[in-house]
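Have it open beside you as you read.

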Amino acid sequence: PTSLSFIIEQNHDVFAGQKSSSAQSCRVRIIECENYIVSPGIFDCHVHVLGGGGEKGPDSRTPSVSGREMANFGVTSFIGLLGTDFVSRSSQDLHAKIRSLAKYGLKAWMFCGSYQMTPIVNTLTGSVSSDICHVDEVLGVGEVCVSDFRGNLPTSFELARLVNEASVAGMLSGKKAVVHCHIGNNRAGIEPLLEAVQLHQVPVHALHPTHCSRSDHVLEQAKKWLALGGTADFTADQEGFGVRETATSDALHQLRLDNLPISRCTLSSDAHGSFSTFDDSGNVTSYGMFTQRNLAKTMSRLIHTYGWTRSEVMSLCTTNIADFLKLPNVGRIQQGCEADLLLFEHDKFLDLDRGLDFVFSRGRMLKEKDWVQPEMFDSWAC
């Protein structure tokens, strides 16, 4: 339980410290936090906000993400991206969607591009460099498909050229521009990224592989990646996803036991992306959709099964990703940072249904117990 005061003014934390009469003197609503655990809002760095999927035809395209959904799951910051479907979904539509979610009250960014890489399609302005330089919300390229038949199998040299383009554009725009890479089931796994760093000498911090608990083989490569100084992203555990329903929580704990830097591990949801398995002929044998609920469930399992602390699990999708992307005002509670706060009942930490009573994003309340900030057309729903 907290004995601190949090004062929010003009969307920022202006005070975070011991209880003070300053809180009482403000003519604002006061929420007593004595029986709450206060944490930063979740930063989900891999979200298919337009929907994803499509591997089983047009009727298998997954739905878009709503602001209400994110608020209910404690997500206050996110990065939207495109995946397999680069034909019926566009970066222009993605950009409009993240702007609408920002209007709702969330902190919203995006990656340009999609699975396809040679050349990069789905840019906003005609090139990766121009997107990064001229569109504030663009933080890099992704998700570029590596080691998966659904992409066009980029080589390490092609990845290195893309990293150089993104990095230079990042320098010119004052951003940490990264190349966010989907790692597929092909045997090569993360090897093209390792070669790009070791053979072509691109900076390891400019690449961000995701789905790093996909298999034991990929996890071993991820250990090499972390040892080189890289940051690796892990997709939150999903029930019904094959036989590896606890793959990420198990993998993260193994990395911790191996004394690898958990501070350079990030956790994301892949929300509204499809999960599918294929037979040897390329036919889809099972199909489903990831949700952001998986983030809290995975973190909760790390606490209750493996004994991680609350701070350790929350860092996976708060400070770790914010520090990697050099976004200093995101993912932490301190004076001057944007006020993204989750209030959990003390004995129900990470229980989204029974314990998450308040969600603040950019200093604005989006959720309060049985109420969630409505969206424009909620009242028109059938």
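**Notes on helices, cysteines and a cavity**

1. Helices here are DSSP runs of H or I with at least four residues, strands are runs of E with at least two, and both are numbered from the N terminus. Bear in mind that this is a predicted model, where local features need pLDDT of at least 70, side-chain atom pairs count only at pLDDT 80 or more, and totals for chains, interfaces and linings use all residues. Residues are numbered from 1 along each chain as its sequence is written, and side-chain values use heavy atoms, with hydrogens and water left out.

2. The length of α7 checks out: its twelve residues (216-227) should span 16 Å at 1.5 Å a residue, and the end C-alpha atoms are 17 Å apart, which agrees. The expected span is 1.5 Å times one less than the number of residues.

3. Which residues of α7 are buried? They are V218, L219, Q221, A222, K223, W225 and L226. Buried means under 20% relative accessible area, exposed over 50%, and partly exposed in between (1.4 Å probe, protein chains only). Their cover includes β8 (178-183), α6 (191-198), β9 (207-210), β10 (232-235), α8 (247-257) and β11 (265-268), with contact meaning heavy atoms within 4.5 Å.

4. Helix α9 (residues 293-306) gets the same check: 14 residues should span 20 Å at 1.5 Å a residue, and its end C-alpha atoms are 20 Å apart, which agrees. G307 follows α9, with a positive phi near 80°.

5. On α9, the buried residues are N294, L295, A296, T298, M299, S300, L302 and I303. These pack against β4 (42-47), β5 (75-80), α8, β11 and α10 (310-315).

6. Don't go looking for disulfides (cysteine sulfur pairs within 2.5 Å): the count is zero. For C133, the nearest cysteine sulfur belongs to C112, 11 Å away. C133 is partly exposed, at 28% relative accessible area. For C212, the nearest cysteine sulfur is that of C265, 8.4 Å away, and C212 is buried at 0%.

7. How many cavities of 30 Å³ or more turn up in the whole structure? The search finds one. A cavity is a set of points on a 1 Å grid over the protein atoms alone where a 1.4 Å probe fits but cannot get out, and lining residues have an atom within 4 Å of a point. The largest cavity holds about 40 Å³, and its lining includes H48, L81, D85 and R89.

Methods: On a 1 Å grid over the protein atoms alone, a cavity is a set of points where a 1.4 Å probe fits but cannot get out, and a pocket is an open set with protein on both sides within 12 Å along at least five of seven lines; lining residues have an atom within 4 Å of a point. Grid points are joined across faces, edges and corners, and a volume is the space filled by probe spheres set on the points.
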